[in-house]
Amino acid sequence: MSRRPAHPALTALGAVGAVGVACAVWGIGIERYLFTVREATAAALPPGSAPLRVLHISDAHMAPWQRRKQQWLASLADLEPDLIVNTGDNLGHRDGLAGLRRAFEPFAGVPGVFVHGSNDVHEPTPKNPLLYFSGPSESHADPDLLDTAALDAFLSDELGWADLNNTAASVQVGGRRLDFFGVSDAHREWDDLDALPGAIARLGERDAATPLLGVTHAPYQRVLNRFTDLGAQAIFGGHTHGGQVCLPFYGALVANCDIPLKQAKGLSAWTHGGRSIPLNVSAGIGHSIYAPVRFACRPEATLLTLTARDTPA
């Protein structure tokens, strides 16, 4: 007895379903563990400066059970960076600091700087991922608080990294002075851009050989523009997760802020007020425990080598 062939629509629907299952298996079960070091070079330092190897880490969203992530992060100490720039969202669980210690302890003694993302302060909550297509996500009405003081004590007191939340700091790296300024999470409007000029002035007189670098968690245009106006010679940001779920050969579909999608991850140039400076936006290392997926957007850290410009900024 012969069977009637399946209706073409059912065949197509089955094919689409199979592709969807395969994508889910890849994004949930495989790609989110394909930790990658992205290497790049940018001319950002004053003329005559020696190169500076910067390890840019962001959005670890650490939970205590995430051992593969912790081991990979710890292994990055083997890259022997001159400096660590941490652009926030370190915690992904109320007990995430235990995992973060295992990940970051090998960096003790390496100079570094950090700013907060909202998940350094608020515990993550479930969200409908489709809402990201309607614009940047909104905060939970009554979020549970994380132990931010313990996180900051670990980063500052134990690792020796400078806190740049709405302030500025000078850091000694290999016997040379680097000046930094930064803001707390602009996505939650915790950034205080008006505090920065005074904070930079309090660093004291800077000579032409002292770089000035800006650090933000969320790379909103208002922040990037103000950083450029303040004389930043390069800017570091995170928050976007590079889109987290991207289209192959296209890129990010959302950035969860107002940065142009083509600049939602990687090294690019930010232009404002007649100046154009390097901007590195990390695609980040982790994800919310409520959205455990990466697709066409591998988790990453960046080893960014800053080199001397040919001319003054």
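What percentage of the 313 residues of the protein chain count as buried?

1. Of these 313 residues, 52% count as buried, where buried means under 20% relative accessible area, computed with a 1.4 Å probe on protein chains only. The model is a predicted one, in which local features need pLDDT of at least 70 and side-chain atom pairs count only at pLDDT 80 or more, while totals for chains, interfaces and linings use all residues. Residues are numbered from 1 along each chain as its sequence is written, and side-chain values use heavy atoms, with hydrogens and water left out.

2. The secondary structure of the protein chain amounts to six helices and 14 strands; these are DSSP runs numbered from the N terminus, with helices (H or I) of at least four residues and strands (E) of at least two. Among contacts (heavy atoms within 4.5 Å) between residues at least 6 apart in sequence, 75% join residues at least 24 apart.

3. An open sheet of mixed pairing is formed by six strands in the order β6-β7-β8-β9-β13-β12. Two strands pair if DSSP finds at least two bridges between them. Because β6 (167–173) and β12 (266–272) each have a single partner strand, they stand at the edges, and one side of each is left without a neighbour in the sheet. From one strand to the next, the twist averages 30°.

4. Within this sheet, β7 and β8 pair in the parallel sense over five bridges, and D179 has L212 of β8 as its bridge partner. Five of the five residues of β8 are buried, so this strand is largely enclosed by the rest of the structure. Both of its faces are covered, with L212, G214 and T216 on one side and L213 and V215 on the other.

5. Strands β9 (residues 235–237) and β13 (residues 275–281) also pair in the parallel sense, over three bridges; G237 has V281 of β13 as its bridge partner.

6. Helix α6 (residues 221–229) lies across β7 (176–183), β8 (212–216), β9, β12 and β13, and runs at about 70° to β12; axes are lines fitted to C-alpha atoms, for helices over the stretch in contact, and angles run from 0 to 180 degrees between N-to-C directions. In helix α2 (residues 67–75), the buried residues are K69, Q70, W72, L73 and A74. These buried residues of α2 pack against β1 (36–45), β2 (52–57), α3 (96–104) and β14 (300–308).

Conventions
Buried means under 20% relative accessible area, exposed over 50%, partly exposed in between (1.4 Å probe, protein chains only).
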